[in-house]
Amino acid sequence: MRHFVVTKIVQPLFLISFGGMVYFNFEILYRGYSHISMIICGGLSFYTIGLLNEGKKWHPSFLLQMILGSLIIISYEYLTGVIVNIYLKLHVWDYSKVPFNYRGQICIPFLIIWFFVTPLCIWMDDVIREVVFKS
């Protein structure tokens, strides 16, 4: 029972919280401010990317993990943008002036940035799982 609670509840919550807080603080350093929705978006992105190399039957190459990771981030970013920026009208960010944007919520330049951020997520997730959870 303890193993179930740790692997199915504690570990995911820890990884989501960790990833969310890292992204939230990174955004504060970069932009000077952030929004609580970025903790959720960043945390879910971090956790989902971490799952890419945890399967027992499927082992994607590192390059494929980077590609999928950047698509995961931009998908969560778009979903978060639609909710907080379009529906709730909170105006957390607006990429409408950035080239190759879609509805001002996502853009190709940030997709490229996410591609290069993804290896850090993969590595950090592996370290946390090995050191903290010994999995």
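What follows is a chat about the structure shown above.

Q: Before we start, what kind of model is this?
A: It's a predicted model: local features need pLDDT of at least 70, side-chain atom pairs count only at pLDDT 80 or more, and totals for chains, interfaces and linings use all residues. Residues are numbered from 1 along each chain as its sequence is written, and side-chain values use heavy atoms, with hydrogens and water left out.

Q: OK, salt bridges. How many are there?
A: The count is 3 salt bridges, where a salt bridge is a side-chain nitrogen of Lys or Arg within 4 Å of a carboxyl oxygen of Asp or Glu.

Q: Which residue does Glu27 pair with?
A: Arg31, with 3.6 Å from N to O. Glu27 and Arg31 are 4 residues apart in helix 1, so about one helical turn separates them. Helices here are DSSP runs (H or I, at least four residues), numbered from the N terminus, and strands are runs of E, at least two.

Q: Is Glu27 buried or exposed?
A: Glu27 is buried, with a relative accessible area of 7%, whereas Arg31 is partly exposed at 25%. Buried means under 20% relative accessible area, exposed over 50%, and partly exposed in between (1.4 Å probe, protein chains only).

Q: What about Arg129, which residues does its side chain meet?
A: Glu54, Asp125 and Arg129 are linked in a network of salt bridges. The Asp125 to Arg129 bridge is 2.8 Å, N to O, and the Glu54 to Arg129 bridge is 3.7 Å, N to O. Glu54 sits in the loop between helix 2 and helix 3 while Arg129 is in helix 4, so this pair ties together parts that are 75 residues apart in sequence.

Q: And where is Asp125?
A: In helix 4 along with Arg129, 4 residues away, about one turn of the helix. Asp125 and Arg129 are both buried, with Arg129 at 6% relative accessible area. Glu54 is partly exposed at 33%.

Q: Switching topic: how many disulfides turn up?
A: A search of the whole structure finds 0, a disulfide being a pair of cysteine sulfur atoms within 2.5 Å.

Q: Now the largest pocket. What is its volume?
A: About 690 Å³. A pocket is an open set of points on a 1 Å grid over the protein atoms alone, where a 1.4 Å probe fits, with protein on both sides within 12 Å along at least five of seven lines. Grid points are joined across faces, edges and corners, and the volume is the space filled by probe spheres set on the points.

Q: What lines the largest pocket?
A: The lining has 25 residues, with Val22, Tyr23, Phe26, Trp114 and Val117 nearest the centre; lining residues have an atom within 4 Å of a point. Helix 1 (2-31), helix 2 (36-51), helix 3 (62-87) and helix 4 (108-131) each give two or more residues to that lining.

Q: How many of the lining residues are nonpolar?
A: The lining has 19 nonpolar residues, alongside 3 polar and 3 charged. Nonpolar here covers Ala, Val, Leu, Ile, Met, Phe, Trp, Tyr, Cys and Pro, charged covers Asp, Glu, Lys and Arg, and the others, Gly among them, are polar.
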